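Visitor: I would like to go through this model with you and ask, for each label attached to it, what the label rests on.
Guide: Then let us look at it together and set each value against its cut-off.

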Amino acid sequence: MNLNRSEELFKDAQRVLPGGVNSPVRAYGSIGMIPPFISRASGARVYDEDGNEYIDYVGSWGPMILGHSHGGVLEEIRNAIDGGTSFGAPTRREVEIAELIVDAVPSIEMVRMVNSGTEAVMSAIRLARGYTGRDLILKFDGCYHGHSDGLLVKAGSGALTTGVPNSAGVPGDYAKNTMTAGFNSVDQVKRIFNEKGNELAAVILEPVAGNMGVVLPDIEFLKTLERLTVKYGVLLIFDEVITGFRVSYGGAQEYYGINPDITVLGKILGGGMPVGAYGGKKEIMEMISPNGPVYQAGTLSGNPLAMAGGIAVLKILRDNPLIYSKLEDMGAKLEAGLKDAADKVGVCAKISRIGSLLGISMDCPFKGYFIDMLFQGIYLAPSQYEAMFISSAHTDEDIGHTIEAARNAFAKARGEG
Ligand SMILES: *Cc1c(COP(=O)(O)O)cnc(C)c1O
């Protein structure tokens with residue numbers, strides 16, 4: 001396998017794109033090798049510019065639950081293209097996708113479409129502040145909510161302090177309005193509500209954390225958040241950008257039976273097109289302009305091509321519930337196989353999984369494991385903190401190949417470690 005063409009492209013890219021990429025993780029910085037430039041993808045496979053073929057577990061970082069270039073999805077988008085690409089006016093597809101979302105996600109009565117998960121989170125926070133008339137928000141360490149200023153915040157020092165910026169360019173004053181706590185830490189949550197409950201506008205979390213490996217929530221943690229937010233008049237925001245339509249059709253809130261006030265969606269919702277959305281109870285959503293005082297707008301929001309992609313994916317998922325049992329099945333096989341492969345060569349691997357979302361951490365060098373997997377044709381995210389995404393296009397054979405490759409990669413990485 002060679003990456004000659006990718007190497008040339010990466011050189012060109014670095015001249016005109018910061019880091020050669022449009023989103024930092026793609027640069028393979030922690031791996032220290034050229035990232036393959038992807039030319040096309042189909043089903044569970046991605047292909048790079050040198051013609052190498054990989055079994056894909058990145059899935060565009062979550063959206064591709066049906067696999068790449070799904071015939072039904074492409075057809076919907078093609079139909080939309082023939083009618084023009086953008087009007088900036090109301091269209092029937094916006095109504096259709098909103099109805100699909102309202103039917104799918106238990107707590108959503110109304111929804112506003114935007115263009116990314118980041119934009120949806122940023123807007124949801126503004127809405128929560130507008131609705132409650134409070135400024136302070138609480139987030140959890142290790143949960144990622146996109147790159148808006150108020151969410152690029154990490155824990156400050158001290159037990160009950162507000163956060164500090166996680167990036168240059170974020171004013172300290174923004175970070176001051178964001179408190180942080182440990183994911184699954186019921187004690188910290190109780191303490192914060194005790195002292196600051198009446199000042200909090202919102203608590204935001206990934207109901208299943210998918211950006212620090214995969215961390216499943218304790219049900220007690222979710223129930224505590226649900227109870228305390230009601231008690232103190234704080235809005236509970238579920239960031240279901242990864243979990244929505246992934247852990248079940250109705251997302252993590254359906255899976256765990258929790259009722260958030262606002263839900264943020266993205267990724268799968270666009271079927272690979274740039275889409276985000278935020279929705280919730282009618283009374284809250286009516287606060288958004290033009291009906292209410294919370295301003296939020298978008299030239300390309302509800303774009304017909306993006307809506308077409310999302311509508312196609314949602315309808316397929318809604319009408320084929322067996323997809324979720326198939327994903328669970330393959331997820332279980334992959335989990336058991338990876339565990340067994342690691343055990344056999346004496347690597348200690350910790351795997352956590354919910355359905356088709358799988359996180360793995362290991363006590364051998366990840367970099368070695370990653371590169372060896374890539375060279376065996378397995379395309380993983382270049383970080384231990386990113387999840388593996390299985391699609392309905394993966395087959396038992398793909399899973400088998402992957403486990404086989406992992407056994408080799410673990411053995412080799414063990415040797416290096
Ligand atoms: C990816 C992600 C986002 C940000 O979405 P973008 O479309 O990349 O802006 C927000 N929240 C979670 C949980 C995510 O995984």
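Visitor: Which residues does Ile378 touch, not counting residues up to four places away in sequence?
Guide: In this predicted model, Ile378 touches Tyr54, Ile55, Tyr57, Met373, Thr402 and Ala405 once residues up to four places away in sequence are set aside. Ile378 itself is placed in strand β15, residues 378-379.

Visitor: Why is Ile378 counted as buried?
Guide: The cut-off for buried is under 20% relative accessible area, and Ile378 has a relative accessibility of 1%, so it counts as buried.

Visitor: How far apart are Ile378 and Asp103, in sequence and in space?
Guide: They are separated by 275 residues in sequence and by 36 Å in space, taken from C-alpha to C-alpha.

Visitor: What makes helix α12 largely enclosed by the rest of the structure?
Guide: Of the 10 residues of α12 (residues 366-375), 7 are buried, and therefore the helix is described as largely enclosed by the rest of the structure. After α12 comes Gly377, with a positive phi near 85°.

Visitor: What makes β13 and β14 a pair, and in which sense do they run?
Guide: Pairing needs at least two bridges, and strand β13 (residues 349-354) is joined to strand β14 (residues 357-362) by 6 bridges, so the two count as a pair, and they run antiparallel. Within this pair, Ile351 stands opposite Ile360 in β14. The two strands form a hairpin with 2 residues between them, and Gly355 in the turn has a positive phi of about 60°.

Visitor: How do you know that strand β12 is covered on both faces?
Guide: On one side Gly276, Tyr278 and Gly280 are buried, and on the other Ala277 and Gly279 are buried; in total, 5 of the 5 residues of β12 (residues 276-280) are buried. As for its partners, strand β4 (residues 110-114) pairs with β12 in the antiparallel sense over 5 bridges, with Arg112 opposite Tyr278. Strand β11 (residues 262-265) is joined to β12 by 4 bridges, also running antiparallel, and here Ile262 stands opposite Gly280.

Visitor: Where is the cis peptide bond, and what is its omega?
Guide: The cis peptide bond joins Ser289 and Pro290, with omega about 15°. Pro290 is found in the loop between α9 (282-285) and α10 (304-319), and Ser289 lies in the loop between α9 and α10 as well. Ser289 has a relative accessibility of 11%, which is under the 20% limit, so it counts as buried. Beyond four places in sequence, Ser289 touches Arg112, Val294, Tyr295 and Gln296.

Visitor: Why is Tyr28 called buried while Ser60 is called partly exposed?
Guide: Buried means under 20%, exposed means over 50%, and partly exposed lies in between; Tyr28 has 5% and is therefore buried, whereas Ser60 has 40% and therefore counts as partly exposed. Although neither is a glycine, Tyr28 has a positive phi of about 60° and Ser60 has a positive phi of about 55°. Tyr28 is placed in the loop between α1 (4-16) and β1 (38-42), and Ser60 in the loop between β3 (53-56) and α2 (71-82).

Definitions and conventions
Residues numbered from 1 in each chain as written. Predicted model: local features only at pLDDT ≥ 70, side-chain atom pairs only at ≥ 80, totals over all residues. Heavy atoms only, no water. Buried < 20%, exposed > 50% of the residue type's maximum accessible area, 1.4 Å probe, protein only. Contact = heavy atoms within 4.5 Å.
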